[in-house]
Amino acid sequence: MVEVGVKIVLSLTQIAVVMGVVLLTVMFLTLAERKVLGWMQDRMGPMEVGPYGILQPVADGLKLFFKEDIVPAGANKFLFSMAPLLALVPALIGFAVIPFGPDLTVEVFGVQFKPFVISDINVGILYILAFTSIGAYGIILGGWASNSKYSLLGGLRSAAQVISYELNVGLAIVGVLLLAGSLSLVKITEAQTGWFWNWFIFAPPFPQIFAFVVYFISAVAETNRLPFDLPEAESELVAGFFTEYSGMRFAFFFLAEYANMILVSCIAAALFLGGWNAPAPFLQFHGSLAHLLWLSATIWFAVKVYFFLFLFFWLRATLPRLRYDQLMRFGWKVMLPIALGNILITAIAAYLFPRG
Amino acid sequence: MTGSEPLLDYLGRYFSIVLFIGIALAFGVVTLLISYLVQPKYPEAEKLSPYECGSEPFSDARMPFPVRYYIFAMLFVIFDIEVIFLYPWAVVFDKIGLVGLVEMLVFIGLFLMAYVYAWKKGALEWD
């Protein structure tokens, strides 16, 4: 029974660390976004709270925490309160199967323990797809329960957009699965070790660059970020599905959006850019420093994730919002055929030139 | 529990996930609860009325909406199920050889037929 106790304690510590890191990253992403947008528009961004505005997210968080939670008249109170949780929880628990570092096993009090992945289940990517889909319920229920026209329209738009692009995400991933032969993110990452040309974005027999582009554009659309932020298009829908939300519930939708951004960036890094693998083997700690491999590996993983997060902000600063009919046409008539064609070509190429 | 027993190991992996779900849920509930306890509560009719650019809200907010949304939802369900069928095939692709490839080409052919039909019928048009 001691082993079970040790295992629970280890798991709890791991989960606490992962959730802490994710929530801290979310906090400072909000600042980073405002800073990056500011610099791109030749402004300074937030400067008042703390040196260079570094404490701005703390001030924002505290303010939202102490704000009144307004439940609009005529709202469905139960669903209105549940919706933010339904959006936030799936965004957080997706991190359970992300390998943040090498697949090491250490023994702590006789218990086998993998420090860099909470749970290496063999259906990892399916698990993430399944749970991120639940997040869409939070959005549409929040929109419907608010009893506001803007919220309802925003929620409907969002649901239609999320499911349309979910399909493309699902199709884009199949190409990688064909090459990796596993649904476990740990195994997919391990299949990309060595030089950067082993990363699935460049890998023979058929580089998954098309799948990568489809995946990333769909991921931007799924997280409701610009240029696909029609659900919350502030110039026409006020704030979309969270028009009526205030205080901590509003903050939860915000947290969910940013946590989802981090999650899709992690998946993009793990599936297409080799996860924690360095571009060249000598850029990891090796030889006499091999016991520090985990350090350079987690740094490489973080670098890739932050690159994607920066890309999100960059897109926001650069591109104007799409029209809704353009958005749906682009998803169904451009992305879907590309993703399907990628599967066909990858399958034929993988049959003719099998990997190792 | 030694870790070498496959079933226990298998269940152990899902145990961490269940634990994570529980903690994420508890984090959300507890945060909302504490915030509920410390926040001011001064509800009034004006404040509680749904936002409508300052005018009095007219008619019910839960109004009818275009049937388009349902069509796209149904297309999604159909196509997404087909996509899920591709996953197990992709995972064992290198073990099933030519038969697997040809079978899946037929399957994707059927997928494409449904897709082209939906396109020609105008189901993919938003306007």
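Predicted model: local features only at pLDDT ≥ 70, side-chain atom pairs only at ≥ 80, totals over all residues.

Trainee: What makes the pair A:Phe250 and A:Phe254 tilted?

Mentor: Ring centres must lie within 6.5 Å to pair, and planes under 30 degrees apart count as stacked while those over 60 count as edge-to-face. The centres of these two rings are 5.7 Å apart and their planes stand at 35°, so the pair of A:Phe250 and A:Phe254 is tilted.

Trainee: Why does A:Phe250 count as partly exposed, and why is A:Phe254 partly exposed?

Mentor: Buried means under 20% relative accessible area and exposed means over 50%. A:Phe250 has 22% relative accessibility and therefore counts as partly exposed, and A:Phe254, with a relative accessible area of 32%, is partly exposed.

Trainee: Why does A:Gln192 count as buried, and what does its side chain reach?

Mentor: A:Gln192 counts as buried because its relative accessibility is 0%, under the 20% cut-off. A:Gln192 is placed in the loop between α6 (185-190) and α7 (209-222) of chain A. The side chain of A:Gln192 reaches the backbone nitrogen of A:Phe200 at 3.1 Å and the backbone nitrogen of A:Gly274 at 3.0 Å, and the cut-off for a polar contact is 3.5 Å. Leaving aside neighbours within four places in sequence, the residues in contact with A:Gln192 include A:Trp199, A:Ala270 and A:Asn277.

Trainee: How do you know that A:Asp103 forms a salt bridge with A:Lys114?

Mentor: The cut-off between a side-chain nitrogen of Lys or Arg and a carboxyl oxygen of Asp or Glu is 4 Å, and the closest N and O atoms of A:Asp103 and A:Lys114 are 3.4 Å apart. This pair links distant parts of the chain, with A:Asp103 in the loop between α3 and β1 (106-108) and A:Lys114 in the loop between β2 (111-113) and α4, eleven residues apart.

Trainee: What are A:Arg329 and A:Asp325 separated by, and is A:Asp325 buried or exposed?

Mentor: A:Arg329 and A:Asp325 are four residues apart in helix α11 of chain A, so they are separated by about one helical turn. They form a salt bridge whose closest N and O atoms are 3.6 Å apart. A:Asp325 has a relative accessible area of 10% and is therefore buried, whereas A:Arg329, at 36%, is partly exposed.

Trainee: Why does B:Asp94 count as exposed?

Mentor: Exposed means over 50% relative accessible area, so B:Asp94, at 59% relative accessibility, counts as exposed. B:Lys95, with a relative accessible area of 65%, is exposed too, and B:Asp94 forms a salt bridge with B:Lys95, the closest N and O atoms being 3.9 Å apart.

Trainee: How many salt bridges are there between chain A and chain B, and how many residue pairs in polar contact?

Mentor: Between chain A and chain B there are zero salt bridges and four residue pairs in polar contact, both residues being at pLDDT 80 or more. The side of chain A that touches chain B has 60 nonpolar, 15 polar and 13 charged residues. The two chains bury about 7,000 Å² between them, 76% of it on carbon and sulfur atoms.

How values were computed. Residues numbered from 1 in each chain as written. Chains lettered and ligands numbered in written order. Heavy atoms only, no water. Buried area = accessible area lost by both parts, 1.4 Å probe. Polar contact = N/O pair within 3.5 Å; in protein donor to acceptor, adjacent residues only side chain to side chain. Nonpolar A, V, L, I, M, F, W, Y, C, P; charged D, E, K, R; others polar. Phe/Tyr/Trp six-rings, centres within 6.5 Å; stacked < 30°, edge-to-face > 60°. Buried < 20%, exposed > 50% of the residue type's maximum accessible area, 1.4 Å probe, protein only. Helix = DSSP H or I, 4+ residues; strand = E, 2+ residues; numbered from the N terminus. Contact = heavy atoms within 4.5 Å.
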